[in-house]
Amino acid sequence: MTETRESIDLIVRADTILTVDEAGTVITAGAIAINDGVIVGIGDEPQISARYTATEVLDGAGCSALPGWVNTHAHLAMNLFRGATDDVTLETFLDRLIGAERRVLSAETVAIGARAAMAESLLGGTTTALDMYWYPQTSRAVARELGFRLINGPTLMGDVDPEGNDFDAMLVQAERILTENRADAPNDNLWLMPHSAYTLGSEQLRRVSELAARFGARIHTHCAESSGEIALVAAQHDARPLAVLDEAGLVTDTTVLAHAVHLTDDEIATIARIGATVAHAPISNLKIACGIARVPDLLAAGASVALGTDGAASTGSLDMMQTVRMAALLHKGVSQDPTLINAERAVRLGTADGARSLGLTDVGTLAVGMRADIQVVHTDTLASAPTPDPWSRIVYGASASDVRHTVSDGRVVVRDRALLTADEPTILRELAAASLLAHSAAHEG
Ligand SMILES: [Zn+2]
């Protein structure tokens with residue numbers, strides 16, 4: 001008998017596949033066929049096996065496959081400072097952190113922090129992050145090494161940055177980086193990351209906006225995170241954060257606003273009308289005691305909402321499984337309405353909605369033609385069984401440590417809970433050495 005099956009790179013099997021397509025299609029006893037990084041077939045396992053033969057097959061017995069998490073607000077290399085500023089106010093946190101960053105950050109330490117953060121992310125099923133941090137080109141190199149879909153761009157602050165640049169030098173460098181990134185990957189979207197309305201003046205924000213317009217770059221910024229920020233921005237600009245950013249031309253349908261905790265009804269309507277996305281980071285908001293974002297009101301107004309972790313220094317962990325669960329739980333409790341953000345919606349916020357908000361049209365759902373960013377999660381566990389609803393199994397039962405395999409852009413980067421693209425003990429050793437300096441700097445303030 002001659003072999004009539006098509007040879008491909010990879011088949012991923014799973015008891016359940018949550019495609020997160022528009023219809024919310026769930027496939028039982030399924031398989032996903034992948035070649036050259038692209039999903040070429042998805043459906044019943046016997047049909048996929050009859051049609052394809054693969055170089056590698058990932059077993060998914062007792063598992064659910066779903067798109068990799070899309071983390072829409074992170075400061076990845078901040079893993080260096082994890083635990084250095086716990087249980088303090090946002091103002092103390094920022095004071096300590098910004099000072100410590102100036103003393104500790106270099107291309108070398110950022111690489112160590114970013115490598116640890118991407119390893120943590122991939123092992124927890126997160127394949128993409130929108131990352132605002134210094135030395136962005138260093139993080140891009142680490143992402144290529146680990147197989148992580150890093151979305152970043154130059155960060156701008158009004159003061160001298162940890163690389164020693166003043167604002168004018170930051171702008172020049174930002175232009176160079178955007179030019180480099182455009183040459184590197186002409187089809188990828190470009191990003192500029194003005195830190196916030198309280199760390200940049202009006203004229204500076206306007207100049208960032210001009211640079212973004214010249215490159216067609218998308219904007220990622222912090223907005224209305226705490227009541228302290230509202231007061232600070234009022235003192236500096238005599239206006240609220242959203243109005244300051246909007247006035248500078250920084251709020252468009254491609255803008256991602258981190259946090260947006262303190263919004264008025266009018267501001268919610270404005271965000272929905274413009275089509276900007278709120279990157280909701282519920283665990284960070286709780287840990288730094290910033291308040292609770294009005295996510296149900298944003299969703300009811302038709303605004304785009306996605307989920308993020310924030311940096312490890314403020315949020316503790318980059319665990320998107322916890323973040324998705326928190327988004328599902330928090331607003332039920334606060335509103336005393338258990339019907340808000342059901343399990344399927346929560347998964348969607350952490351996958352398809354995140355991808356769409358970043359302008360990524362080829363990830364976030366599992367379908368033929370999409371790039372293969374997939375997590376395979378063990379859900380036949382004592383913590384998840386016997387829940388019949390597969391969405392509930394992920395949101396209310398699973399933990400990041402249940403992620404068994406992670407496929408990023410068609411490449412198997414985690415197999416049987418082991419990271420294949422970097423050495424975990426080495427990452428931990430380097431992080432421990434670099435963090436000695438980071439933590440003592442944070443305590444000097
Ligand atoms: Zn942040």
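Is Arg176 buried, partly exposed or exposed? Arg176 counts as partly exposed because its relative accessibility is 44%, where buried means under 20% relative accessible area, exposed over 50%, and partly exposed in between (1.4 Å probe, protein chains only). Arg176 is found in helix α5; helices (H or I, at least four residues) and strands (E, at least two) are DSSP runs numbered from the N terminus.

The model is predicted, and local features need pLDDT of at least 70, side-chain atom pairs count only at pLDDT 80 or more, and totals for chains, interfaces and linings use all residues. Residues are numbered from 1 along each chain as its sequence is written, and side-chain values use heavy atoms, with hydrogens and water left out.

Helix α5 also takes part in the largest pocket: α4 (136-146), β8 (149-152) and α5 each supply at least two residues of its lining. The largest pocket holds about 750 Å³ of space. Of the 26 residues that line the largest pocket, Phe148, Arg149, Leu150, Ile151 and Asp188 are the closest to its centre. Strand β8 gives the largest share of this lining, four residues. By type, the lining has eight nonpolar, eight polar and 10 charged residues. Here Ala, Val, Leu, Ile, Met, Phe, Trp, Tyr, Cys and Pro count as nonpolar, Asp, Glu, Lys and Arg as charged, and the others, Gly among them, as polar. On a 1 Å grid over the protein atoms alone, a pocket is an open set of points with protein on both sides within 12 Å along at least five of seven lines, a cavity is a set where a 1.4 Å probe fits but cannot get out, and lining residues have an atom within 4 Å of a point. Grid points are joined across faces, edges and corners, and a volume is the space filled by probe spheres set on the points.

The structure has three cavities of 30 Å³ or more. The largest cavity has a volume of about 220 Å³. Its lining numbers 21 residues, and the closest to its centre are His75, Met78, Leu94, His195 and His222. Helix α2 (residues 90-104) supplies the largest share, six residues. The second largest cavity contains about 60 Å³ of space, and helix α5 gives the most to its lining, with four residues.

Turn now to the charged contacts. The whole structure contains 22 salt bridges, a salt bridge being a side-chain nitrogen of Lys or Arg within 4 Å of a carboxyl oxygen of Asp or Glu. Arg149, Arg371, Asp373 and Asp409 are linked in a network of them. Another salt bridge joins Arg82 and Glu120 (2.8 Å, N to O). This pair links distant parts of the chain, with Arg82 in the loop between β6 (69-74) and α2 and Glu120 in helix α3 (residues 107-123), 38 residues apart.

What does the contact between Asp86 and Lys287 tie together? The closest N and O atoms of this salt bridge are 2.7 Å apart. Because Asp86 lies in the loop between β6 and α2 and Lys287 in helix α10, the pair ties together parts that are 201 residues apart in sequence. Asp86 is partly exposed at 35% relative accessibility, and Lys287 is partly exposed at 31%.
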